[in-house]
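Here are some exercises to work through with the model open beside you. Try each task yourself before you read its solution.

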Amino acid sequence: MHVERTDLGDVTVLRLDGDLDENGIDALREAFYACMTQGHFNLVLNLRNVQFISYMGVGVLVERLRKLRAFKGDLKLVSLNLYAQRLFRMVGVTALFDTFESESQAVRVFQEAA
């Protein structure tokens, strides 16, 4: 899993490339940790290049979402593929996340709320 980070003012975009499985989870956790320790709590997670998300991967996303919201932040998801959409529905977490087709839409929501 490769994570590319771009800071856009108060919003941080994380672009993932690879599978969000047992091997990719650690890279994602490290990226979240780095953002949060630097005071970045409004995150956009671009999943365009993620083909597979494990149940553990969903668990990490839910866990980090709760931590971000505890600091008055949020996590927006971009480009969930059909598999991920079905997985989120099956696990029952669809309503927890705001999802968008593009990064610009997700970033705009954060900027308009500020």
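The exercises below go from a strand pair to a helix and then to aromatic rings.

This is a predicted model, in which local features need pLDDT of at least 70 and side-chain atom pairs count only at pLDDT 80 or more, while totals for chains, interfaces and linings use all residues. Residues are numbered from 1 along each chain as its sequence is written, and side-chain values use heavy atoms, with hydrogens and water left out.

**Exercise 1.** Find how strands β1 and β2 are joined.

*Solution.* Start with the elements: helices (H or I, at least four residues) and strands (E, at least two) are DSSP runs, numbered from the N terminus. Strands pair if DSSP finds at least two bridges between them. Here β1 (residues 2-8) and β2 (residues 11-17) run antiparallel and share seven bridges. Next, look across the pair: E4 faces R15 in β2. Finally, inspect the turn: two residues lie between the strands of this hairpin, and G9 has a positive phi near 70°.

**Exercise 2.** Describe helix α3 from its start to the residue that follows it.

*Solution.* Then sort the residues of α3 (residues 82-91) by burial, where buried means under 20% relative accessible area, exposed over 50% and partly exposed in between (1.4 Å probe, protein chains only). The buried residues are A84, L87 and F88. They span an arc of only 100° around the axis, so they lie on the same side of α3; the arc is taken from the directions from the helix axis to the C-beta atoms. The face turned away from that side carries the exposed residues L82, R89 and M90. The cover over the buried residues includes α2 and β4. After α3 comes G92, with a positive phi near 85°.

**Exercise 3.** How many aromatic pairs are there in the whole structure?

*Solution.* Apply the rule first: rings of Phe, Tyr and Trp (its six-membered ring) pair if their centres lie within 6.5 Å; planes under 30 degrees apart count as stacked, over 60 as edge-to-face and the rest as tilted. The search finds three pairs. One of them is F41 with F71, whose centres are 4.8 Å apart and whose planes meet at 5°, so this pair is stacked. F41 lies in the loop between α1 and β3 and F71 in the loop between α2 and β4, so the pair ties together parts 30 residues apart in sequence. Another, F88 with F97, is tilted, at 5.5 Å centre to centre and 55° between the planes. F88 is buried at 2% relative accessibility, and F97 is buried at 5%.

Terms used:
Contact = heavy atoms within 4.5 Å. Polar contact = N/O pair within 3.5 Å; in protein donor to acceptor, adjacent residues only side chain to side chain.
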